Amino acid sequence: MLAPASATMRAIASRPSCVLLHQRSLRNLNRYRRWLGTGKKTILSTRGVLESSNGAPSGGLVKKRKIVEHIILLRANPNISDAEEKDMLDYLYTSQYQMRGILAVSLGRIEEPNCEKFTHAVFMRFQQKEDIAEFQSCAYYSKILDEHVKPVSYGSVSVDFESEVEDDIIPLFRRGEDFNYGVEFMLLISFLETASREAMEDASSSLQRLISQCSSFIVQATCGRCLNLENGYSHAAVIRFPSFDDFKLFRESNEYKDMWASKFHPIVEKSLQLHFTVDPVGNQLM
């Protein structure tokens with residue numbers, strides 16, 4: 001069960017960041033509280049290919065807000081040191097306190113080898129796609145890339161997709177105890193050009209049903225069509241689990257395996273499934 005808004009403030013205040021970061025985070029929350037109160041971009045959940053979900057059981061209309069999810073996948077140098085890795089992740093994480101528009105951040109080392117040889121993943125949430133363009137052109141972010149990311153990595157890919165979340169501060173900002181730890185699971189998909197819309201919607205509905213069935217051990221799930229198709233993926237999903245055991249229960253269940261084999265595998269051109277453990281980072285102001 002999600003904590004009340006007051007618990008959000010306590011959770012933020014308890015994070016291992018300096019007082020200045022706490023103040024900026026609180027100011028951001030207050031600013032977006034006002035944004036929430038404007039009624040802008042408030043919608044009711046609708047069905048569609050890889051539709052968004054907050055893990056709640058289906059049935060009835062849930063008030064949602066549109067957001068844009070931004071995924072960055074990095075290939076770190078094989079000889080990267082622990083200090084260099086921590087420096088890179090800390091700077092990327094604390095960028096949310098230096099730039100406007102970022103609603104939430106999680107990041108970490110990818111825990112299983114993958115065909116694309118990505119080693120680290122970053123998840124960021126923005127209000128709208130224009131905020132991502134502003135973020136990527138920001139001089140501060142460029143400095144982070146030039147000084148703390150590019151020297152210790154040799155390639156990256158970014159994927160953006162529009163989605164929806166419950167119209168409340170806790171799920172929107174991914175704050176509170178449920179989001180302090182856990183496992184972030186990222187699913188990137190490219191459907192075959194020959195795949196029918198009916199088949200894609202059927203696969204999407206199957207995933208949504210499974211998420212609903214597993215709502216007791218899923219913190220949040222967002223899904224949607226990718227905005228930038230040049231990276232080879234047309235759809236994406238991000239699912240937060242409270243623990244590795246919960247993630248393992250989901251991924252290794254017969255239901256997930258059967259769904260993937262029967263609904264997705266026949267119509268998917270390529271896919272990428274990644275996960276990383278979420279731990280509090282960003283102990284100081286960069």
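Predicted model: local features only at pLDDT ≥ 70, side-chain atom pairs only at ≥ 80, totals over all residues.
A word on ground rules: local features need pLDDT of at least 70 and side-chain atom pairs count only at pLDDT 80 or more, while totals for chains, interfaces and linings use all residues. Residues are numbered from 1 along each chain as its sequence is written, and side-chain values use heavy atoms, with hydrogens and water left out.

Let's start with the helices. Helices (H or I, at least four residues) and strands (E, at least two) are DSSP runs, numbered from the N terminus. Helix α8, residues 197–213, packs with helix α10, residues 254–264, at an angle of about 170 degrees, and their axes are 10 Å apart. Axes here are lines fitted to C-alpha atoms, for helices over the stretch in contact, and angles run from 0 to 180 degrees between N-to-C directions. So α8 and α10 are roughly antiparallel to each other, a label for angles over 145 degrees.

Who touches whom? From α8 we have Asp-202, Ala-203, Ser-204, Ser-206, Leu-207 and Leu-210, and they meet Glu-255, Tyr-256, Met-259, Lys-263 and Phe-264 in α10; contact means heavy atoms within 4.5 Å. Those residues divide into six nonpolar, two polar and three charged, where Ala, Val, Leu, Ile, Met, Phe, Trp, Tyr, Cys and Pro count as nonpolar, Asp, Glu, Lys and Arg as charged, and the others, Gly among them, as polar.

Next, Arg-65, in strand β2 (residues 63–76). Is Arg-65 buried or exposed? Arg-65 is buried, with a relative accessible area of 1%; buried means under 20% relative accessible area (1.4 Å probe, protein chains only). Its side chain makes a polar contact with the side chain of Asp-167, at 2.4 Å. A polar contact is a pair of N or O atoms within 3.5 Å; within protein, one must be able to donate a hydrogen and the other to accept it, and residues adjacent in sequence count only if both atoms are side-chain atoms.

Gln-220, in strand β7 (residues 220–225), is buried too, with a relative accessible area of 1%. The Gln-220 side chain reaches the backbone oxygen of Pro-171 at 2.9 Å.

Finally, the rings. The whole structure holds ten aromatic pairs, meaning rings of Phe, Tyr and Trp (its six-membered ring) with centres within 6.5 Å. Tyr-93 and Tyr-97 have ring centres 6.4 Å apart and planes at 65 degrees, so that pair is edge-to-face, the term for planes over 60 degrees apart. Both Tyr-93 and Tyr-97 are buried. Ring pairs also link Phe-185, Phe-241, Phe-244, Phe-247, Phe-250 and Tyr-256 into a cluster. Thanks, all!

Note on methods. Parallel < 35°, antiparallel > 145°, perpendicular 65-115°, else oblique. Buried < 20%, exposed > 50% of the residue type's maximum accessible area, 1.4 Å probe, protein only. Phe/Tyr/Trp six-rings, centres within 6.5 Å; stacked < 30°, edge-to-face > 60°.
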